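Please look through the sequence and the model shown here before reading on.

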Amino acid sequence: MNTKKSTSHFIKLFAISFLLFLSACQESEKKEDYNSLKLWYKQPALATVADNHNGWKDDPEWLKSLPLGNGALGAMVYGDVNKERIQLNEESMWSGSSSDDDNPKAYPAQAKIRKLLFEGKYKEATLLTQQTQVCIGKGSGHGNGAEVPFGCFQTMGDLWIDFNKNSNYESYNRELDLDDAVVRVSYKQDGVNYKREIFVSEPDQVMVVKLTADTPGKISFKSTITRPERFKTSTKDDQLIMQGALSDGKGGTNLEYLTRLSAVNKNGTVKYEGKNLIVENADEVTLYLTASTNYVLEFPTYKGRDYKNITATNLQKAKKTAYKELLRRHKEEYQQYYKRVDLKLTSNALDTIPTDVRLKNIKAKKEDLRMVELLFQYGRYLLISSSRPGTLPANLQGIWANKIQTPWNGDFHTDVNVQMNYWLAESTNLGEMHLPLFDLMGTLKEAGKSTAKVHYNASGWVLHPITNAWGFTAPGEESSWGMHLGGGAWLTTHIMEHYYYTLDKKFLKEKFPILKTSTQFYLDWLIPDPKTGKLISGPSVSPENSFLAPDGSNSKICMGPSHDQQVIWQLFKNYIDASNALGINDELLQKVIKAQQNLAQTKIGSDGRLMEWREEFKELEPGHRHISHLFALHPGYQIDIVKTPKYAEAARKSLDYRIKNGGGHTGWSAAWLINQYARLGDAENAEKSLNMVLSKSVSPNLFGLHPPFQMDANFGTSAGIAEMLLQSQSGEIRLLPALSKNWKNGYVKGLSARGGFVVDIDWKAGKLENVRIFSKKGGSCILEYNGKQIALNTKANTEYFPLKDGRNFGV
Ligand code: FUC
């Protein structure tokens, strides 16, 4: 044996192993940081596959791209190697315009419809409702409203970066880091290591794309911005500009938009020519993109933003700021929200499995607790990215839509969807992200006055199951879903939720008029049931379920659906609480107290289930996706497992029956079930529902699927996970009320509880180990665990560790 040869062989082997060890260390260093939850992939989303034009059909490659956003500007990054596509959104890219949709035929026919319903003539009542109560005009255009006044939330277009290459590549990695809201792409091509880093900054109102290579002069590309329609791209000085105006739905145009792109290069050249920005032989390049529209959320004009100047100023400012500084400001602003909450269910922090592979494993029934952590934080990430103070609320798709015709117009649905978008806002410590919803309500309060008057001869304001950027408040064009009367009451419950969590009296005083005028509407709207004398709502529907009526017809229109009764009860309770908090004691308050006592209550049927309608009708779709008659259990809290056990049991029966009959079949519906079962303290079924979302209702980029894509499933799931760990709707703070037996050890830090508390909980072997309460405002706090309580008298800005301090539950 040649020893020299074998020694050198040994040294080589050692060197290789050492290098491998080093790179493994680096790899694990990269992925081991527990808090750095990432969506990551070993392959790009393909930028060259064209989107299909059918608004209702998802584009599979788009559902692999990664979302960024600052509440106003959204981006979906494909990370394709030879041609990058960054699909763009701006929150106010709405076609359509304000219109008068109120139907003067409505009020004169109202009494007759009520009479017919009381007489059991459902078929006639339904016909008359459709003839007289729906909006005039085209309404939502049956969810295809891009070219009608209702309008549609649309794509802003696409930024293309064409590297004009087609050689092979290796070592590809693409990730969205939830910790700093940055998308990173890296790969090796023709012997050069390339990197891209992309983020959308809130403080600087700009999207930044940084392109680097480890060899000088290797970055060359041609960039342009396009849109499927209504756009003009040109260059002026050091900018590429795309601009246009969207259809007003009446034959003209309304909303105007503009987007600007500019580059800063290190070495090489940059030219702005025709419709392109051209870079040649640069060492590195940073692209800056700003975009805006002339939209303002202000009834009745909705116009007036100086969007041309704003985008120009932001662009120039960003170009003059060092990249590192832009990134630092972006991270600081984002992390102040994101980092408030930490959830840990796994002991093994090493993330070696790409997100799409994890999803496939879950479909093959492999449990994956890291995915639960990821989905939980992703919901929080998506809310921060689509709903910042001062922006429009998150719509059906957050702010991400890649088409001209977005499903259901990407609108604000108020019969569960937009509310679900905000269920996580308070509980997961993102109260500021809730604020856009109140701004929208502020304009709806004005827009909905005429609908209240014309349709119902009532005071106050009303809205129905859909609204848009232009203050649409009339019933939808089909009475079967469009006559949902509970939307306004349900929406306004969010005002008190924000107050219960923050105890912010200034906020409550400011928003009180919205609550008050909504309450006034319902006081005018309710009428006594001729049989019982109790107050009921109607004609209305229980979203969007139908029943077999006594006259043999298939009906949805009815009097006193449980859902309306429950949301109105909750509104009245909120009004009473708000008045007390603000020291108001007037005639109206006395009227509300009396009306609340007089409201017809939800009944329990002969089969033990909570009744969806006033009478025991047979439902035609027993597995229906909506569970509106269980509003009182969640998100309301009239029903509680401890305080109203009989009703809680009836709610459980209703839920079980829905599921037995195929319920929870859309993403948002399964997400709602997580919340419902959590409120029942049923960890097993809550987890089953969570697994339903994970295995059936998320795409490769973890966007929730109806299908098509709808973001409420993401928000509702995060809210549901929070409900499993902490609840505070009933006056006490319930710790681990629905902890899954599979989540053996873990902790959650930073969840919020009503009363101005922030709570950290540790558990071991399924049992509470430690709890920390931080009291923001002081006051009494009752902690509950396994039905036993500890009472604390807290001081403002003080933390408490009752278990460490020797307290025990029940002692
Ligand atoms: C409600 C639901 C539908 C859909 C739509 C956006 O009307 O019934 O399933 O989610 O909103």
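In sorting residues by type, Ala, Val, Leu, Ile, Met, Phe, Trp, Tyr, Cys and Pro count as nonpolar, Asp, Glu, Lys and Arg as charged, and the others, Gly among them, as polar. This is a predicted model, in which local features need pLDDT of at least 70 and side-chain atom pairs count only at pLDDT 80 or more, while totals for chains, interfaces and linings use all residues. Residues are numbered from 1 along each chain as its sequence is written, and side-chain values use heavy atoms, with hydrogens and water left out.

The chain has an average pLDDT (the predictor's confidence in each residue, from 0 to 100) of 95, and 95% of the residues score at least 70. Over residues 1–8, however, the pLDDT is below 50, and this stretch has one contact (heavy atoms within 4.5 Å) beyond near neighbours in sequence. Residues 10–33 also have a pLDDT below 50, with ten contacts in the model beyond near neighbours in sequence.

Across the whole structure, a search finds six cavities of 30 Å³ or more. A cavity here is a set of points, on a 1 Å grid over the protein atoms alone, where a 1.4 Å probe fits but cannot get out, and its lining residues have an atom within 4 Å of a point; grid points are joined across faces, edges and corners, and a volume is the space filled by probe spheres set on the points. The largest cavity holds about 260 Å³ of space, and of the 23 residues that line it, W423, H494, E497, P635 and R754 are the closest to its centre. Helix α12 (487–502) is one of the elements that each supply at least two residues of this lining, and its six residues form the largest share; helices are DSSP runs (H or I, at least four residues), as strands are (E, at least two), numbered from the N terminus. By type, the lining of the largest cavity divides into nine nonpolar, nine polar and five charged residues.

The second largest cavity has a volume of about 70 Å³, and its lining includes W62, K403 and F709. That lining divides into four nonpolar, four polar and four charged residues.

An open sheet of three strands has the order β23-β22-β24 with antiparallel pairing, where two strands pair if DSSP finds at least two bridges between them. Its edge strands, β23 (554–555) and β24 (618–619), each pair on one side only. Two bridges join β22 (residues 547–548) to β23, and F547 stands opposite S555 in β23.

Terms used
1 Å grid on protein atoms, 1.4 Å probe; cavity = no way out; pocket = protein on both sides within 12 Å on 5 of 7 lines; lining within 4 Å.
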